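This report describes selected features of the structure shown below.

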Amino acid sequence: MPSPDRTRTRREETLAQLRELFLAEGFASFNIGDLAERLRCSRTTLYAVAPSKEQIVVAAVRSFFKAAAERIGGRVAASGDPARQLAVYLEAVAAELQPASAAFLADVAAFGPANEVYQENTRYAAERVQSLVTEGVRAGVLRPIHASFVGAAVAEVMNSIQRGAIQSATGFDAAQAYRHLADLVLAGLTSAPVDEQAVTGTWVRYEVADGVATIELDRPESSNALDLPMARALGDAAAAAAADPGVRCVLLLGRGRDFCAGGDVSAAHGAADRAGYVLELARTAHRAVLTLAGLELPVVAAVQGVAAGAGLALTLVADVVLAGESATFLTAYAQASLTPDCGTSWLLPQVVGLRRALALTLTDRRLTAGEAADWGLVTDVHPDEELVESARQAAARIAAGPFQALGRTRRLLRDAPARSLADQLGIEAAMIAEAAASAAAGPGSTRS
């Protein structure tokens, strides 16, 4: 007769096999005989887990969430930094759900007892988010907010993810949805509302004049490389432009010799958790890039010196790019043994084509201003001494034009690759009708 320890070990081994199978293929289509055949075990071995197929499913589902919760808790505890624990928690949830197939989640939603296990974990997750928000506010690293509201909102999104509503609306699987949820929650909690921000700061200059919001990177001694404070300031400036109804065009500049040499990963060498620092820097810069890319406003960029990595990405989200004769463009990731960030892997192929994008990223080829113009990265090339003034004039012309139509045109062109032709035609028809109605009503002084 096997010892209790051996029986317990065998049961845990079977549960682990069941978890792996269910996560990959779901569980509704299996009967006990199927499971025994797939696991190459006897029915007796399965019934040692639980006395029926339904109870076996519940045991496996509960085992999955229990093990995931323990690993997530360990990652949060290891962080120790209140500023990052909420990010670590949501990122860990996403990582744990990565192996969960759509079939598994659909079966969990359809089977009441398994769904109740999921709901229990969702309630726990909402409470954990609430406690992490409370701790972050108390530590002064998150802005004051009603923590229970955040927890309740996160729980609703979690339930929508589990029901498949988020995937139906966005195409994101559960893991992707949790990562986007992390970005959304952290963007709201780590940035003050626009009307509370002192947008102009040490790292980014921001001003609005005659409808043009000028965002100037101001770290010339480091070639305007983005560190965490500068990435946050860039995101704040972009958000301010998006929220200001008087802004009709955005102008991106880099102070000094270079436009932007990319992300300042050198700061990561002194961090206790280098990977964690790089992740936080990427996430922070990504929020700025997403805000700029999502504007219903034309964006003009003036590029002198180096535009590399994140700096290259900023030119890719701009609509009109003027380059000085000194400008050079490169991805710079391969030489740092890193992979692309800031949307470069998505934006660059759209601008220059896949083959050229691969050549730039895999070989770290450096393009001159003239080559960049030939490749379609640059709109026009100007003498360095005339560059900024030419860019200001271009932005002023856009701001003085039919800015609502121009902003909507920007959105049509930039969003088109994600749509079918039929969908794009429908949106074009709706937008041109809106533009006609706006034109008939007469020009306005601000965005609507």
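Patches are made of residues with over 30% relative accessible area and no salt bridge, where like charges are joined within 9 Å and nonpolar side chains (Val, Leu, Ile, Met, Phe, Trp, Tyr) within 5 Å. Accessible areas come from the Shrake-Rupley method with a 1.4 Å probe, and for residues only the protein chains shown count as cover. The model is predicted: local features need pLDDT of at least 70 and side-chain atom pairs count only at pLDDT 80 or more, whereas totals for chains, interfaces and linings use all residues. Residues are numbered from 1 along each chain as its sequence is written, and side-chain values use heavy atoms, with hydrogens and water left out.

**Surface patch**

Leu354, Leu358 and Leu362 make a nonpolar surface patch of about 310 Å². Leu358 is placed in helix α15 (residues 354-363); helices (H or I, at least four residues) and strands (E, at least two) are DSSP runs, numbered from the N terminus. Leu358 counts as partly exposed because its relative accessibility is 34%. Here buried means under 20% relative accessible area, exposed means over 50%, and partly exposed lies in between (1.4 Å probe, protein chains only).

**Salt bridges**

A salt bridge is a side-chain nitrogen of Lys or Arg within 4 Å of a carboxyl oxygen of Asp or Glu. The structure holds 21 of these salt bridges, including the following.

| Glu116 | Arg123 | 2.8 Å |

Glu216 is buried, with a relative accessible area of 15%, whereas Arg255 is partly exposed at 33%. Both residues belong to a network of salt bridges that links Arg205, Glu216, Asp218 and Arg255.

Glu371 counts as partly exposed at 27%, as does Arg365 at 36%.

**Open sheet**

An open sheet is formed by 3 strands in the order β5-β7-β8, with mixed pairing. The strands β5 (306-308) and β8 (367-368) stand at the edges, each with a single partner strand, so one side of each is left without a neighbour in the sheet. Two strands pair if DSSP finds at least two bridges between them. Strand β7 (residues 328-330) is joined to β8 by 2 bridges, and these strands run antiparallel. Thr328 stands opposite Thr368 in β8.

The expected span of a helix is 1.5 Å times one less than its number of residues. Helix α12 has 20 residues and reaches 28 Å from its first C-alpha to its last, close to the 28 Å expected. Its buried residues include Gly276, Tyr277, Glu280, Arg283 and Leu292.

Helix α17 (residues 384-400) has 17 residues and reaches 25 Å between its first and last C-alpha, close to the 24 Å expected. The residues buried in α17 are Leu387, Ser390, Ala391, Ala394, Ala395, Ile398 and Ala399. Among the elements that cover these buried residues are β2 (212-217), β3 (249-254), β4 (299-303) and α18 (403-415); contact here means heavy atoms within 4.5 Å.
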